[in-house]
Every structure is written in C-alpha cells, then in structure tokens.
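Colleague: Could you take a close look at the salt bridges here and walk me through them in one connected account?

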Amino acid sequence: KNLFSHNQFKKYFRGQRNFYNFLIYDFKIHKKSKKKKYDLIFYYRNNRNKGNYFLLEIIKNISNKYKIAIVGDKIKNFTGNLNIKSFGNIKRQLVFKIIEQSRFALMTKENNLSYFALDCISKNLEIFSNKDLKLDNSIRTNLYIYISFENLKKTIKIINEKLKETNKKNI
C-alpha cells in the first residue's frame, strides 16, 4: 500500500491499493479568530514551478489597498511598501499566529493541499487557489476560491471583489 499526501498521482497508480490525501486524515478546523491584521497571507518559496511571477504581480497590484503578510523566503521587490510585511522563514507556531490574523490566503499553483494550505484551512481561512487543481470529490469544503493562473486581470478583479466584500461585512 502506498501513502500519498495528495491525490495528484492517482492517475499513475490505478488498480493499486493506495491511500491519498493522508494529510487531511483526522483533520480539525478551529474557530475563526476575530481580530484581523492582514487582508492576505502568502507563503513564498523562490521556485520556478510555483507560479511566483503571477502571484507577485497580484501582490504588487493589490498592496496599495490591502495589507499583506508574506512568510517563507525573503522578497526584495517589496522593500519600502508599508502594506507588505515580509516575515521570512519563521517557526510554524508563528505562521499559525499570522494565519489567525489574516482574512484570506493566496496559494501557489502546484498544490492545493500543501502544508500551508492545510494550516490555513485548519484556522478557517478562505484560500485563493488554482482553478486547474480542483479538490477530490471526497473533500468537501467551501474555503477554496478558485482563480485562473492564465488571466491576471480577471484574478486581480476576483481578489479585489472578495476583499472589498469582506471589508464591508467587518465595518
């Protein structure tokens, strides 16, 4: 029996006894915290296959209106932008605190069930995620907001509308 953290390899192992999505086995979602300091949290890794250029363009476009927390590798592009706080590589417990202080998360394009995504879901955080990586039918959640990694303008519009909508609810 093979154990996989996600189901992206399912098509290659047909007919074998496998266990997929083990990261969400016995998964618990905590109550949403009330006090929010950041509109968006983003986990950045300097890696070509993550769609970073696209995501950094989104951050650049929305950072004039919204506060953004970035964890992971340091990004030099945003030095001096007061709406962007780059924490760098930090301990997971601190990441949890920042997630709790955030309203939404922005995922990279290659994995909708990464540890970071699951940490966000466990804290009841809605996630902007790649529309081409739909979750398996066995996973039921309304915390994913799907975006296109091919259409920057449309994606920025979706994110702006969602952030604006929740701003109105919190006033």
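Modeller: A residue is called buried when its relative accessible area is under 20%, exposed when that area is over 50%, and partly exposed in between. The model is a predicted one, and it holds eight salt bridges. Among them is the pair of Glu100 and Lys123, whose closest N and O atoms lie 3.0 Å apart. This pair links distant parts of the chain, since Glu100 belongs to helix 2 (residues 92–100) while Lys123 sits in the loop between helix 3 (115–122) and strand 7 (126–130), 23 residues apart. Glu100 is partly exposed, with a relative accessible area of 30%, whereas Lys123 has a relative accessible area of 14% and is therefore buried.

Glu126 counts as buried because its relative accessible area is 16%.

A further bridge joins Asp132 to Lys131, the closest N and O atoms being 3.1 Å apart. Asp132, at a relative accessible area of 47%, is partly exposed, and Lys131 is likewise partly exposed, at 36%. Turning to bridges that share partners, Glu126, Lys162 and Glu165 are joined by them into one network.

Conventions. Residues numbered from 1 in each chain as written. Predicted model: local features only at pLDDT ≥ 70, side-chain atom pairs only at ≥ 80, totals over all residues. Heavy atoms only, no water. Salt bridge = Lys/Arg side-chain N within 4 Å of Asp/Glu carboxyl O. Helix = DSSP H or I, 4+ residues; strand = E, 2+ residues; numbered from the N terminus. Buried < 20%, exposed > 50% of the residue type's maximum accessible area, 1.4 Å probe, protein only.
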